[in-house]
Amino acid sequence: MDNDTANDFVIRIIPTVLAGVFDISKLAPGRNNVRDFQQGGMAQPTPDYNASILEDMFIEDHSAFLKNSLSGSKNFVEALLLLKVWARQRNSINGPDCLNGFIISIILAYLTTEGGGKRITGQMTGFQAFRVVIDFIAISSTLEKGIFMQPQSVGNVSLELKRRLLQFFEVVICDSVTYLNLAFRMTKSGLVELVDEAARTLRYMNKCKDKGFEEVFMTRIDFPAKFDYHARIIPVGKDHMKPPNICMDKEHSRVYEKQVELLLSKGLGDRARLVRVLHRSIPANWHIDEGLECLGKVPLLVGILISDFEKAFRMIDVGPSADNKIESAKFRSFWGEKSELRRFKDGIIAETAVWECEHWEKHLIIKKIMEYTLRRHLSLSSQDISIVGDQLDFTLLQGGKDPIASTPTLLDALDVLSKCLRGVEDLPLRISSVQPLDSAFRHTSVFPPMPHPLATDKEKRQYSDILVPTCIQTLEVMIQLEGSGKWPIGEIAIEKTKSAFCLKIAESMQKRWGILYVAAEDAVDLQMAGFAFRLRILYEKDKSLIKKQGLFGVLPVGNLQNTNCVLLEKDLLLRSQHSSMLNGLQGLHPVYGPTVRLAKRWICSHMFSGSLADEAVELLVAHLFVRPFPFSAPCSRVTGFLRFLRLVAYHDWALSPLVVDVNGDLTMKEEGQIMAQFIARRKDSRGESGANNTGPAMYIATPYDWESESWTSFSPDNLSLKRLIAYARSSAELLTRLVGGEVLEGWKSLFRTPLQCYDALILLHRDKLAYPSQILFNADIKQGSLPVTTQEASMDFFPYLSPLVIRKGFQEARNHLLVGFDPVKYFLHDLKTDMPKVFNIWHDAFGSEVIGLTWNKEAPFLKDAAQKRKRKEPDPTNFDVRNILEEVANVGTGLVKTVHLLKSPKYN
């Protein structure tokens, strides 16, 4: 049938043979029925071939058995439908070497019989029967021992028959008609994955009780999103793949598939809890006219699930002791040149395989082991192996190195700083606690600062041969003082008192420990060990002062988003709660940090820096680890990033809040209250209750913020969220195809944003950015978009100190160091202040040289032009637009290079 005429149904024609055609005893598992399948002149058993013949012979008997067992109650049919939907959504277990609809039906029918203990009865509902089957599968020992239905013609299955079936097959489900193993195609790895899926589903249903229907039955668990590591192997043109005889018991692809699985399982050892090799027999776009030549060229897909972070990313595999000659020889035979003898501190001498790498490269150890094992034992070339692991690392590197490597140094400096702060004695109030607030301390900063050679009390090393940045990032640290009733009452007086305390603390630390500091009107920055720590003091009544300013009420008229950001920055208690919560999550899931960094990098690369707060991104990713079902928590950054994109793209933000409960503080009742508040806010936004309260477009509820007022109260708005969802869907689809091996190129496209979707573009001078090394791509402004205005670069600022300044000495170089300065940040602030409501600004916070502008429909000049058109007056459209863009360039004089007009505004 043509595809155009066969969209509604497919008819499968299955040829069979009569039950009495062949002698059943000759089709026993230990018999040979393929004469050419020999080894050493001896005929080998052909259990799979024999089982396939028996399967065709007794297909009608099996259909009759299912009909008799399941026709007694319509609830059985409902349960069967639920089971098939559950399996179909998990495509890696719904395959030729695991489950199919027939095996599911057999297991359900077995549990209705006396042999199955009559666990399922006609009085059960379909969902209750579904739970019983899932519970039966989740008990791994049941299927490992085999299911033996009582034959109709004889008594119980003999122990000898059980032994022989378990000898020849990895999984056994013996039918009630003959000695046929209905699960002869199922593999051990398929069974392990099936049991894991069933156990995880059962745990989730027990936890969620009446909830979770969507996660169990409606969420697709595909290969790219399920596994932590993915490999694509092309078994083409290798002599060792060609069997000595074409006639074998198993398919050639299955033999090679099993060989790959055993090699990787042995190489990875306890690093992996599951190694799954999937073989696609024919390409998705294959047509019968193409013949069968392409079938041998279809690549193998390998999925790896990590067992434990500490085990998976250890750098040394310790083998047998040197005294054990036989096992040592096996170890050396498998690992080859990677094997070496090592003496450990306890005096033991053992064989080892060492995977040397930097600490920030540990996530690549799995990839290195897989590549080495496959190339050594299967003689594959690098072109034949493609392993997903480091393809997205380019977004996080600076100078070929991940700046996260400096985090241990940063944390050590924080410990020293905390001890020094607690040791300050000449204060009216002692410091009671010190808590870091910056994302760099919780491993979620895209570019955590590296030690700056000038941010220290003395010159410790030569730096004249390196590029010395002019700017240094500040890292906020919150300190809390002892309680006192002598604080002033007014807000300004409180802020001045805080500044006085910070200044006194800095003076004391410089006097006692020689720690340098830089004081400004609103902050004091301590410089030590190459880092700049910005002190913030928490006052017990800060929360009430912020409420008075409108954080949880009505904000003042003007730029609501900017006002909200300022107030949130002052809310130290809220930020400290957020930081503490995510620090604990990072300790449980070390992959959380890298996943957040990729997510933030993607958000910013598509110019959503001003639309979604960093804390909101951290909560979105946290949800993937706290409530990962139907998956397990991701153990690789690529898988975590893919799930993040899908969460943003496919969560129903209009109808469902996203509840992020990292520590499990919320009860079911409290989550119900959050849902009720969300529904009330959504009704208000539709005007059903007449209230003037739109509610957040992206509703993220936490134990410390039920109504999502902290991080997404005003941003993203509905327009920004729709734009973000569209980008996330496009990126998720591309990343799925990349991980699944459908396309091999395009990793960089995930982070390259199209510029033609903006109305105007601001191009900045690259050498005037604070951190030009963070730029991913050069600005690709299409030809034909002539700049409205062009300006020269300023000579007052450069991202790196000139050699002339450095040669003048350490102190002179320090005088040119700019703490917490970013010219783009100040330019955007001035632009929003000087030209409010004229356009929406889209930018990348991490070093992009392009800023996108889209016209705001509420812009005053657009309204004026619309009114002039109604009055049929002359329309100075072009003049107004050019003047506005020229004014934009004037605001950023010295920083702005050119301003391009791509689309003129539409006047309604």
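Tyr256, Gln259, Val260, Leu263, Leu264, Gly267 and Leu268 of α11 are in contact (heavy atoms within 4.5 Å) with Ile366, Ile369, Met370, Thr373, Leu374, His377 and Leu378 of α14. By class, this contact holds ten nonpolar residues, four polar and no charged. Here Ala, Val, Leu, Ile, Met, Phe, Trp, Tyr, Cys and Pro count as nonpolar, Asp, Glu, Lys and Arg as charged, and the others, Gly among them, as polar.

The model is predicted: local features need pLDDT of at least 70, side-chain atom pairs count only at pLDDT 80 or more, and totals for chains, interfaces and linings use all residues. Residues are numbered from 1 along each chain as its sequence is written, and side-chain values use heavy atoms, with hydrogens and water left out.

Two packed helices are described by the angle between their axes and the distance between the axes. Helix α11 spans residues 252-268 and helix α14 spans residues 365-378; their axes come within 10 Å and cross at roughly 130°. Axes are lines fitted to C-alpha atoms, for helices over the stretch in contact, and angles run from 0 to 180 degrees between N-to-C directions. The two helices, α11 and α14, are therefore oblique to each other. Angles under 35 degrees count as roughly parallel, over 145 as roughly antiparallel, 65 to 115 as roughly perpendicular, and the rest as oblique. The crossing of α11 and α14 is right-handed: the near helix is turned clockwise from the far one by less than a right angle.

Next come the sheets. Helices (H or I, at least four residues) and strands (E, at least two) are DSSP runs, numbered from the N terminus. Strands pair if DSSP finds at least two bridges between them.

Glutamine 527 stands opposite alanine 532 in β17.

Another open sheet of five strands has antiparallel pairing and the order β21-β25-β20-β24-β23. The edges are β21 (787-790) and β23 (839-843); each has a single partner strand, so one side of each lacks a neighbour in the sheet. Five bridges join β23 to β24 (residues 850-855), and the two run antiparallel. Isoleucine 841 has leucine 853 in β24 as its bridge partner. Helix α27 (residues 823-834) lies across β20 (760-764), β23, β24 and β25 (896-901), at about 170° to β23.
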